[in-house]
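Here are some exercises to work through with the structure open beside you. Try each task before reading its solution.

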Amino acid sequence: MTGRVIIIGGGVAGMQTAITLDELGFKPVIIEKEASLGGKLCRWDRLFPTMTPAQEVLGDLLKRVEKTASEVRTSTTVSEIEEQGRGVTLSDGSRLDAEAVVVASGFDIFPAERKEEYGYGLYDNVYTTVDVERMFREGGVRMADGREPKTVAFLHCVGSRDEKVNQRHCSRVCCITGVKQAIEVKQQIPGAEIFSFYMDMRMFGPGYEELYRQAQQQYNIHFVRGRISEASPTIDHRIHIKAEDTLIGRPLRMSVDMLILAVGMQAGSSNVAFGRNNNIDLYPSGFLRPLNQFSGNVRSSSPRLFYAGTVTAPKNIGESINEGIAAAYQVAQTLNAAKS
Amino acid sequence: MEHFRLFVLPFYAGAFFLLITLLCKYIYWFIGLSREQKRLFWRSLPTRATWKSVVEIFNESLLHRKIWRTNPLLGYMHTSFALGWFLLISVGWLETFVYFKGESVPLYVDIFFSYYVHPIFERNFNFSLIKDALLLLILVGVVLALFKRLYSRIMGMKRTTKHMLGDRVALTALWLIFPARLLAESLTSAEVWRFGGYVWTLSENTQLIPPGIGCGSFLTGSLGQWLADFLPARIIEAQHVELTAWWIYSIALGVFFVALPFSRYMHIFTEIPLIFLRNAGLRAAEKESSFDHFQVDACSRCGICIDPCQLQSGAGIQGVQSVYFLRDRRYGRLTDAVADNCLMCGRCQQACPVGIEQNTLRLNSRVKRAYPDSPNRYAYIQGKDLSTGEGKVGYFAGCMTLLTPKILRAMEQIFTAAGEEVWWADKNGGVCCGRPLKLSGEVDAARKMMDFNKNLFRQHGITTLVTSCPICLKVFKEDYALEGIEVLHHSEYLQRLLAEGRLKLRSGSETFTYHDPCELGRGSGIYEAPREVIAALGVLKEPAETREHALCCGSSLANTAIDDEGQRRIGEQVAMALAATGADSIVTACPLCKKGIAREATLPVYDLAEIVARAL
């Protein structure tokens with residue numbers, strides 16, 4: 001018994017798994033493909049719905065991982081997970097032996113270029129919510145020419161609930177992200193007019209609905225039910241959008257200074273490779289399918305293969321951290337039972 | 001009437017019924033043709049078109065040359081039935097004529113010759129040998145037909161048609177005709193072997209055939225001898241055994257003839273007037289016409305159209321293919337579910353051995369079923385001129401190019417590089433070309449779009465109209481009647497710019513594979529222009545199925561019934577076939593194909609304009 005448990009992915013779920021496993025007396029090894037731990041959290045500025053700085057959550061997790069005896073291998077990827085979860089093959093071809101494997105490899109951000117009609121990567125002043133987080137970290141939202149935008153349109157569900165790009169699932173957190181960012185833009189530029197184009201607003205978490213109400217009442221953000229069908233650049237580098245207000249049933253055209261696409265979560269690109277393991281099953285969406293959705297959310301059909309976080313479905317940070325804890329406890333239960 | 005036998009009656013009844021039914025149908029349909037169509041037909045007689053029709057009837061209705069190209073075994077099967085039976089009848093007539101020295105005899109003697117006359121070849125030219133050889137040819141065809149039911153794949157067809165009851169009855173009768181004939185002729189021969197017989201002649205003196213000689217040739221003669229040796233004498237002696245076999249043969253013929261006009265075998269005769277009318281210049285049109293009957297009934301339901309259909313191979317959708325569409329239309333039970341579930345990619349039309357205009361027939365069925373257009377539905381398009389710029393060359397992006405702005409951006413760069421003054425018809429939005437409405441059957445509504453755009457083009461005085469959308473291209477060419485304005489697809493325009501030296505491109509060693517859009521390739525016959533442009537940029541790697549056999553991307557506007565998953569699966573099929581070429585990227589020349597393929601592609605997908613603009 002080496003007590004070694006491999007955790008694939010060093011985002012919030014992976015880090016929390018490592019922390020808990022360490023507390024329970026095991027030896028976690030985190031395999032992280034990036035140069036440092038933190039995952040997508042490194043890219044966010046403030047977190048919904050409390051506006052907590054992302055650095056606070058990240059810093060705390062990093063500090064706690066550091067205190068553990070965990071081994072962290074950054075800039076390393078896993079190319080194959082062994083059938084029974086007794087080891088993995090790394091990208092350099094070497095094999096790493098383990099008692100169990102926790103897959104916490106997370107999600108990918110939907111590439112907005114795939115919705116070519118919105119002109120991301122083609123026109124100036126079309127951004128994604130991920131770009132906006134970067135802008136806030138760098139001091140605030142600015143147009144390509146450095147000015148502050150006067151009118152901003154947010155478009156929800158880009159790469160979510162969209163059959164045309166094979167993303168049928170709801171990514172859950174983009175709605176509240178869009179609301180949070182709309183408020184932040186308004187806080188930065190109080191005179192700005194902000195429009196939010198949506199299909200449904202799915203405010204599933206504590207405080208989310210309240211924030212949405214605040215956005216409407218306090219910040220006067222205009223929520224328009226209907227999606228933008230296409231965007232084109234105007235001669236002065238603004239964005240001309242065509243949409244439909246489905247509540248009044250009328251087509252609508254307007255020009256805005258900036259279009260922000262609320263990009264969704266798509267299944268991690270490594271899931272397909274992991275799926276070659278017969279004990280790892282994929283949903284049609286590409287996310288990994290846990291043993292069951294009720295009492296087996298962090299389990300696979302192999303007793304030594306576990307899941308944590310958004311590798312199985314879109315989740316927010318709190319949910320991902322909880323799954324890290326759950327996965328660690330289930331690992332402990334299995335390995336302790338095997339020992340005795 | 002001393003020679004008359006009752007068993008000839010089923011044949012007579014069937015043949016009479018068939019003749020009357022065919023005449024009624026063809027005359028009725030012909031009367032239904034428009035004055036112009038009739039004029040075309042009469043004027044084609046007798047011209048080179050008539051001769052062409054005769055040759056075509058020989059090649060396709062008898063030899064079935066196109067089916068040989070699909071698969072030799074399948075070709076043999078069709079040829080053996082058509083040509084074999086035709087020759088069997090012809091040789092039979094010739095034999096009767098020679099035998100009775102041109103004297104007229106009742107038709108039943110002709111048809112049941114072997115029963116009435118026990119031909120022995122010493123006395124005649126060896127007709128028996130030829131007839132036995134032809135019968136063998138057909139019997140091998142029957143065996144192949146049975147074999148095809150079990151192992152269609154070996155005969156070049158993965159899937160075959162699911163037939164209805166009427167077709168099954170006709171099919172059973174048809175298959176029974178030739179074994180029944182073999183048995184009847186052999187039993188007659190067996191009797192002559194055993195007991196001898198007499199040869200019927202016109203004169204009073206009959207010639208006797210002594211026992212031990214028999215009649216017929218290597219097939220019926222030998223089988224007759226074997227039966228004579230094998231069967232107990234009392235069975236051969238009992239004439240009802242022989243008669244029963246002839247009854248079965250006659251009934252099989254009669255049943256087949258009665259079933260023929262209502263079954264798929266209607267194609268046997270209908271293909272003949274169809275070929276004449278088609279070579280006279282008649283075509284199916286936007287609205288249903290009487291001419292369509294000739295095409296619909298000329299479908300043999302061979303099912304060759306099923307395999308090329310990607311709805312079937314890619315999306316697992318059955319029962320909507322051309323063979324089923326034509327069947328349902330013929331029997332008046334067409335549903336929207338069948339009429340609308342078609343990509344109109346034209347792959348079935350390409351494969352159809354009868355050359356039926358599948359797309360046009362599908363279209364005019366949709367037109368007939370469409371809801372009438374309300375007068376004010378498109379009133380808002382009046383005066384909607386959002387065009388910009390000025391020039392002799394007009395560019396029409398089309399709705400789909402506006403949704404794929406990288407293509408539009410590339411065209412802007414290309415026009416600038418070539419120094420072309422351009423009138424932009426719809427860069428800021430415009431009116432649809434009308435083809436999507438037309439494809440859904442709403443031709444009157446589509447006409448409003450067409451008239452609007454046509455006026456717009458005229459008002460701005462353009463002489464060349466370039467579009468990057470093959471869907472728009474096809475409707476501009478076929479429905480707009482833009483005299484004085486040259487309509488070009490952007491691939492043709494790019495080819496011209498390169499030939500004239502107006503574009504200088506950086507050539508590289510990058511490899512591309514090219515996807516032929518349906519509306520551009522099969523639809524408009526443009527295959528070379530995009531390939532020449534690609535060749536100027538890098539290396540082209542053709543996919544396995546290309547040019548007129550190219551796959552459809554699955555996102556065709558023509559299919560209003562397919563669900564998204566079906567489109568996705570077809571797109572995946574195409575993306576995989578293109579990736580199998582090993583090229584660095586996929587190039588196409590249609591914004592819709594670009595989107596359809598990109599959904600599932602592992603390689604980057606570009607429009608032709610994008611790779612040209614990149615190499616400027």
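**Exercise 1. The chain A and chain B contact**

How many residues does the contact take from chain A, and how many from chain B?

*Solution.* Keep in mind that this is a predicted model. Start by counting each side: chain A gives nine residues and chain B gives nine residues. Next, sort the chain A side by class: two residues are nonpolar, three are polar and four are charged.

**Exercise 2. Domains of chain A**

Work out how chain A is divided and how its domains touch.

*Solution.* First, the bounds: the domain assignment gives domain 1 as 4-106 + 268-339 and domain 2 as 112-265. Then the spacing: the C-alpha centres of domain 1 and domain 2 of chain A are 31 Å apart. Now look at the contact, where 10 residues of domain 1 of chain A meet 18 residues of domain 2 of chain A. On the domain 1 side, you get four nonpolar, four polar and two charged residues.

**Exercise 3. An overview of chain B**

Describe chain B by its secondary structure, its box and its domains.

*Solution.* Begin with the elements: chain B has 29 helices and 11 strands. Its C-alpha atoms fill a box of roughly 100 × 50 × 40 Å along the principal axes. Of its 616 residues, 48% count as buried. Now take the contacts in chain B with a separation of 6 or more: 76% of them come from residues 24 or more positions apart.

Then list the domains: domain 1 (49-242), domain 2 (302-369), domain 3 (379-496) and domain 4 (505-614). In chain B, the C-alpha centres of domain 1 and domain 2 lie 36 Å apart. Nine residues of domain 1 of chain B and seven residues of domain 2 of chain B make their contact. The domain 1 side splits into two nonpolar, four polar and three charged residues.

**Exercise 4. Helix α25 of chain B**

Is helix α25 (residues 490-499) of chain B largely enclosed or largely open?

*Solution.* Count the buried residues: eight of the 10 residues of α25(B) are buried, so the helix is largely enclosed by the rest of the structure. The buried ones are B:His490, B:Ser491, B:Glu492, B:Tyr493, B:Leu494, B:Gln495, B:Leu497 and B:Leu498. What do they pack against? Their partners in chain B are α21 (405-418), β6 (464-467), β7 (486-489), α26 (528-535) and α29 (608-614). After α25(B) comes B:Gly501, with a positive phi near 70 degrees.

**Exercise 5. Two helix pairs in chain B**

Classify the α25(B)/α26(B) pair and the α1(B)/α12(B) pair by their crossing angles.

*Solution.* For the α25(B)/α26(B) pair, the axes come within 8 Å and cross at roughly 50 degrees. Angles under 35 degrees count as roughly parallel and 65 to 115 as roughly perpendicular, so α25(B) and α26(B) are oblique to each other. The crossing is left-handed. The residues in contact are B:Ser491, B:Glu492, B:Leu494, B:Gln495 and B:Leu498 of α25(B), with B:Ala529, B:Pro530, B:Glu532 and B:Val533 of α26(B). By class, the contact of α25(B) with α26(B) has five nonpolar, two polar and two charged residues.

Now the other pair: the axes of α1 (residues 9-31) and α12 (residues 239-259) of chain B come within 7 Å and cross at roughly 15 degrees. α1(B) and α12(B) are therefore roughly parallel to each other. Their crossing is left-handed. The contact includes B:Phe11 and B:Phe17 of α1(B) and B:Ile251 and B:Phe257 of α12(B). By class, the contact of α1(B) with α12(B) has 11 nonpolar, three polar and no charged residues.

Technical notes
Residues are numbered from 1 along each chain as its sequence is written. Chains are lettered from A and ligands numbered from 1 in the order in which they are written. This is a predicted model: local features need pLDDT of at least 70, side-chain atom pairs count only at pLDDT 80 or more; totals for chains, interfaces and linings use all residues. Two residues are in contact if their C-beta atoms, placed from the backbone, lie within 7 Å. Ala, Val, Leu, Ile, Met, Phe, Trp, Tyr, Cys and Pro count as nonpolar, Asp, Glu, Lys and Arg as charged, and the others, Gly among them, as polar. Domain bounds come from an automatic or database domain assignment. A residue is buried if 20 or more other C-beta atoms lie within 10 Å of its own, exposed if 12 or fewer, and partly exposed in between; C-beta atoms are placed from the backbone. Helices (H or I, at least four residues) and strands (E, at least two) are DSSP runs, numbered from the N terminus. Axes are lines fitted to C-alpha atoms, for helices over the stretch in contact, and angles run from 0 to 180 degrees between N-to-C directions. Angles under 35 degrees count as roughly parallel, over 145 as roughly antiparallel, 65 to 115 as roughly perpendicular and the rest as oblique. A crossing is left-handed if the near helix is turned anticlockwise from the far one by less than a right angle, and right-handed if clockwise.
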